[in-house]
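Trainee: Before we look at the aromatic residues, could you take me through the reasoning behind the terms used for them?

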Amino acid sequence: LQQVEASVNYNRYTSQEGTLRSWRLDTSVDVTFRKYWEFELSHLEEYKLFEKEFRNDRTRVQLEWDARDGRRIYVFASEGFNYDSDLKLYGAGLRWLIGDRWRFEYEITKLELEPDPEQDSTTIHVFETIYAFNPDMYAKLFLQTNSAISKENVQALWVWRFKPPFGSWQIAYQRGTSEQGQESQQGDTIFTKLSWVF
């Protein structure tokens, strides 16, 4: 055993008229072992006042293998109650390095709600990779899908720091937006940025 860390956070919000609008209590225990493993247990309790009062709660368990050199693999599962629906949220992810130049990350998350009147149950895939040609030039690719709203986001970025640390040229491409859970136009956009400090 290397470390045990516990935390408690409480927030409370009232309107200007003094009406209690919401409160939220987050608790967690994180246990880190010497041999790369980490275990986390967290619990959320909250109250929200909208058109009516909602009491939400969620308990999450996560198990992670972390090599402490940039490589990690994890699985997680959550269960609770969210805005009058039973909630199950589970998934897995990894971050991996190949040599000193290439890193990629992938996460899959599955959300199940019962009942689900708005059809918000979904599967979300997130993939990101970065390749460094040298310390001053790299390319980045980001992909995200959301099955509930048939949404696919793509972002590609190329950066060249020709006069580090402030002189750089960037070119970026984006399809859709990266906001999770929001429908959007899936238009194509290209950005460029030139920075040069004399």
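Mentor: Rings of Phe, Tyr and Trp, the last taken by its six-membered ring, count as a pair if their centres lie within 6.5 Å. Ring pairs of this kind link Tyr36, Trp65 and Trp96 into a cluster; please keep in mind that this is a predicted model.

Trainee: How many aromatic pairs does a search of the whole structure find?

Mentor: The search finds 11 aromatic pairs, and one of them, formed by Phe54 and Tyr83, has 4.9 Å centre to centre and 70 degrees between the planes.

Trainee: What makes the pair of Phe54 and Tyr83 edge-to-face?

Mentor: Planes over 60 degrees apart count as edge-to-face, so the 70 degrees between Phe54 and Tyr83 give the pair that name. Phe54 lies in strand β4 and Tyr83 in the loop between β5 and β6, so the pair ties together parts that are 29 residues apart in sequence.

Trainee: Why is Phe54 called buried, and why does Tyr83 count as partly exposed?

Mentor: Buried means under 20% relative accessible area, so Phe54, at 6%, is buried. Tyr83 has 32%, which falls between the 20% and 50% limits, and therefore counts as partly exposed.

Trainee: What makes a charge sit over a ring in the case of Arg60 and Phe76?

Mentor: The charged end of Arg60 is 4.2 Å from the ring centre of Phe76, which can be set against the limit of 6 Å, applied together with a limit of 35 degrees from the ring normal. Arg71 lies over the face of Trp96, at 5.2 Å from the ring centre.

Notes. Residues numbered from 1 in each chain as written. Predicted model: local features only at pLDDT ≥ 70, side-chain atom pairs only at ≥ 80, totals over all residues. Heavy atoms only, no water. Phe/Tyr/Trp six-rings, centres within 6.5 Å; stacked < 30°, edge-to-face > 60°. Helix = DSSP H or I, 4+ residues; strand = E, 2+ residues; numbered from the N terminus. Buried < 20%, exposed > 50% of the residue type's maximum accessible area, 1.4 Å probe, protein only.
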